[in-house]
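Look at the sequence and the model below. This report starts at the ligand, then turns to a helix pair and some backbone details.

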Amino acid sequence: MSRFFSDKYSSLTPYVPGEQPGNMSEFIKLNTNESPFPPSQKAIEYALNSTRALNLYSDPDSLELTKTIASLYGVGKDMVLVTNGSDEILNFAFMAFTDSINPALFADITYGFYPVFASLNGSKTEIIPLRDDFTLSVDDYIGKKGTVFIANPNAPTGMTVPVSEIERLVKSDPDRVVVIDEAYVDFGGESAVELVHKYDNILICQTFSKSRSFAGGRLGYGIGSPQLISDLNTVKYSTNPYNINSMTSSMGIGILKDEEYTRKNCRTIMENRSFTVKELEKLGFRVLPSNANFIFVSSPEIEGGEYYRKLKEKKILVRHFDKERIAPWCRVSIGTREQMEIYLEATKEILEEKP
Ligand code: PMP
């Protein structure tokens with residue numbers, strides 16, 4: 001640390017992203033929940049023209065893309081804000097709706113960026129443990145003051161909260177914001193986006209990084225009442241007005257024009273997930289019920305950290321979290337059928353090698 005670093009940030013513990021090894025082609029990458037499928041070819045063709053206008057700044061409102069997303073969900077364009085990945089809309093929500101008085105409320109086991117956003121913004125937090133079986137009960141949040149952040153499906157568990165329960169939470173206190181992070185909703189989850197028509201205190205965050213095969217393009221968005229979106233725009237225009245580059249914006253429109261490709265890939269991922277779960281259960285693994293493009297797995301025969309290391313020796317990357325409550329577990333992204341077969345074979349070998 002330099003002697004110039006502001007006291008505001010010097011005690012930050014930054015978010016640690018999953019490994020992106022330089023020699024990526026040597027690995028089967030099941031550690032950052034990316035899609036194993038390339039982006040839509042139609043979208044690539046649609047976006048190619050946008051490179052010709054790169055001498056100009058991008059449209060700070062990303063109007064075409066915003067309108068395309070708005071019409072997909074049947075909301076006004078003033079109810080949508082597009083961002084540089086959904087990480088950015090989440091950060092904007094922490095900036096806009098939490099502070100040293102109004103805390104951020106979120107689970108102990110959830111997306112690891114939430115506590116980092118909170119501390120970056122100097123916000124108070126209240127951590128609300130998941131139940132023993134890793135379920136989230138909205139009753140644990142009702143009656144508490146503060147802005148709620150729920151990943152639904154949750155990461156790294158993959159487990160979901162029914163939309164009826166989300167609605168009960170949103171309704172229980174119209175004077176606080178509930179942020180629902182739906183990064184993984186397209187793999188069998190149920191979106192709460194309809195609730196934006198009924199309540200002005202819910203913000204839905206989604207991404208192009210998972211189901212839409214566009215993690216490298218960095219595109220996410222929030223949907224909520226015009227007032228919430230206006231607040232988030234104030235934050236955006238005070239940090240980075242040109243947050244979406246023109247190529248990404250065009251790709252986003254192209255991807256949404258090819259929804260069939262996205263849906264087909266999601267179906268394949270869900271099939272591969274069922275196949276992998278069945279095979280792991282035959283090997284004695286416990287697998288939490290997942291509606292995401294990853295599964296959270298543990299075996300009575302091998303500790304989570306060791307399983308992660310042994311898989312890495314076999315050139316397979318999964319994610320292990322250095323957190324006591326989930327130390328026995330690893331999160332495994334769902335890839336192609338072939339990748340999952342290789343992963344399962346490696347797992348069998350690892351278990352056989354154990355004394
Ligand atoms: N929410 C959750 C729960 C995630 O796991 C991730 C991916 N790391 C994100 C949001 C952010 O993804 P992105 O910024 O790529 O949209």
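In the side chain of Tyr184, an N or O atom is 2.6 Å from an oxygen atom of the ligand. This is a predicted model, in which local features need pLDDT of at least 70 and side-chain atom pairs count only at pLDDT 80 or more, while totals for chains, interfaces and linings use all residues. Residues are numbered from 1 along each chain as its sequence is written, and side-chain values use heavy atoms, with hydrogens and water left out.

**The ligand**

Thr207 and Ser209 also place polar side-chain atoms by ligand oxygen atoms, as the table shows. A polar contact here is a pair of N or O atoms within 3.5 Å; within protein, one must be able to donate a hydrogen and the other to accept it, and residues adjacent in sequence count only if both atoms are side-chain atoms.

| Residue | Distance to a ligand oxygen atom |
|---|---|
| Tyr184 | 2.6 Å |
| Thr207 | 2.5 Å |
| Ser209 | 2.6 Å |

How much of the ligand does the protein bury? Taken alone, the ligand exposes 400 Å², and the protein buries 91% of that (areas by the Shrake-Rupley method with a 1.4 Å probe; for residues, only the protein chains shown count as cover). The residues around the ligand (a heavy atom within 4 Å) include Gly85, Asp87, Tyr111, Lys210 and Arg218.

**Two helices**

Helix α3 spans residues 85-97, and helix α6 spans residues 226-237. Helices (H or I, at least four residues) and strands (E, at least two) are DSSP runs, numbered from the N terminus. The two helices pack at an angle of about 100 degrees, with their axes 9 Å apart. Axes are lines fitted to C-alpha atoms, for helices over the stretch in contact, and angles run from 0 to 180 degrees between N-to-C directions. So α3 is roughly perpendicular to α6 (65 to 115 degrees). Residues in this contact (heavy atoms within 4.5 Å) include Ile89 and Phe92 of α3 and Leu228 and Asp231 of α6.

**Backbone details**

Most residues other than glycine have a negative phi, and most peptide bonds are trans. Asn33 is not a glycine, yet its phi is positive, about 55 degrees. Asn33 lies in the loop between β1 (28-29) and α1 (41-48). The bond joining Asn152 and Pro153 is cis, with omega about 0 degrees. From Ala155 to Pro156 the peptide bond is cis, with omega near 10 degrees. Pro153 sits in the loop between β5 (147-151) and α5 (163-172). Pro156 is in the loop between β5 and α5.

Methods
Parallel < 35°, antiparallel > 145°, perpendicular 65-115°, else oblique.
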